[in-house]
Amino acid sequence: MITWSNENLHHLVAENGRYFTFQAACTQSDVTLQLWKSDRTLLKEHKGKKVKYVGPHGGMYQKVLIPDGYYIFSRPVTVNGRTGRVLDRITVEVDMGTQTLKQRQQTIKHPQRNRT
């Protein structure tokens with residue numbers, strides 16, 4: 001069973017809005033949306049693979065970083081008289097502004113809480 005908070009629901013609506021905006025833009029141009037993956041799909045596919053990074057105090061940390069969406073667009077190009085298609089890959093993060101300054105300060109003061 002999934003329990004949705006207002007925050008989660010608004011975020012999901014914003015993610016889907018972004019997808020439909022891209023779809024609409026593609027229909028008005030010569031660009032094709034080749035692939036779209038949601039954050040849920042990306043999380044399943046990457047099975048919690050972690051990225052290593054240096055924290056604010058110089059320590060090494062690992063964290064799973066998953067964007068809200070992954071898109072591949074295809075667009076036509078002509079180079080030296082030859083035509084083809086180019087793939088553009090982008091990741092999208094929907095920032096709902098729900099993380100408070102206090103939460104950010106806690107993360108910076110205690111980066112070990114993010115260690116795994």
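Which residue in β5 stands opposite G69? The residue is V92. The model is predicted; local features require pLDDT of at least 70, side-chain atom pairs count only at pLDDT 80 or more, and totals for chains, interfaces and linings use all residues. Residues are numbered from 1 along each chain as its sequence is written, and side-chain values use heavy atoms, without hydrogens and water.

An open sheet is formed by 3 strands in the order β1-β4-β5, with antiparallel pairing. Strands (E, at least two residues) and helices (H or I, at least four residues) are DSSP runs, numbered from the N terminus. Two strands pair if DSSP finds at least two bridges between them. The edge strands, β1 (32-38) and β5 (82-92), each pair on one side only. On average, neighbouring strands of the sheet are turned by 20° against each other, direction ignored. Axes are lines fitted to C-alpha atoms, for helices over the stretch in contact; angles run from 0 to 180 degrees between N-to-C directions.

Strand β4 (residues 69-79) runs antiparallel to β5, and 11 bridges join the two. Y71 has I90 as its bridge partner in β5. The hairpin of β4 and β5 has 2 residues between the strands, and N80 takes a positive phi near 50° there.

Two helices lie across strands of this sheet. Helix α1 (residues 6-27) lies across β1, β4 and β5, at about 15° to β4. Helix α2 (residues 39-46) lies across β1 and β4, at about 70° to β1. Contact here means heavy atoms within 4.5 Å.

The whole structure holds 7 aromatic pairs. Rings of Phe, Tyr and Trp (its six-membered ring) pair if their centres lie within 6.5 Å; planes under 30 degrees apart count as stacked, over 60 as edge-to-face and the rest as tilted. F22 and Y71 form an edge-to-face pair, 4.7 Å centre to centre with 80° between the planes. This pair links helix α1, which holds F22, to strand β4, which holds Y71, across 49 residues of chain. W36 and Y71 form a tilted pair, 6.5 Å centre to centre with 40° between the planes. Here strand β1 provides W36 and strand β4 provides Y71, 35 residues apart. Y19, F20, F22, W36, Y71 and F73 form one aromatic cluster.

Y71 counts as buried because its relative accessibility is 2%. W36 is partly exposed, at 31%. Buried means under 20% relative accessible area, exposed over 50%, and partly exposed in between (1.4 Å probe, protein chains only).
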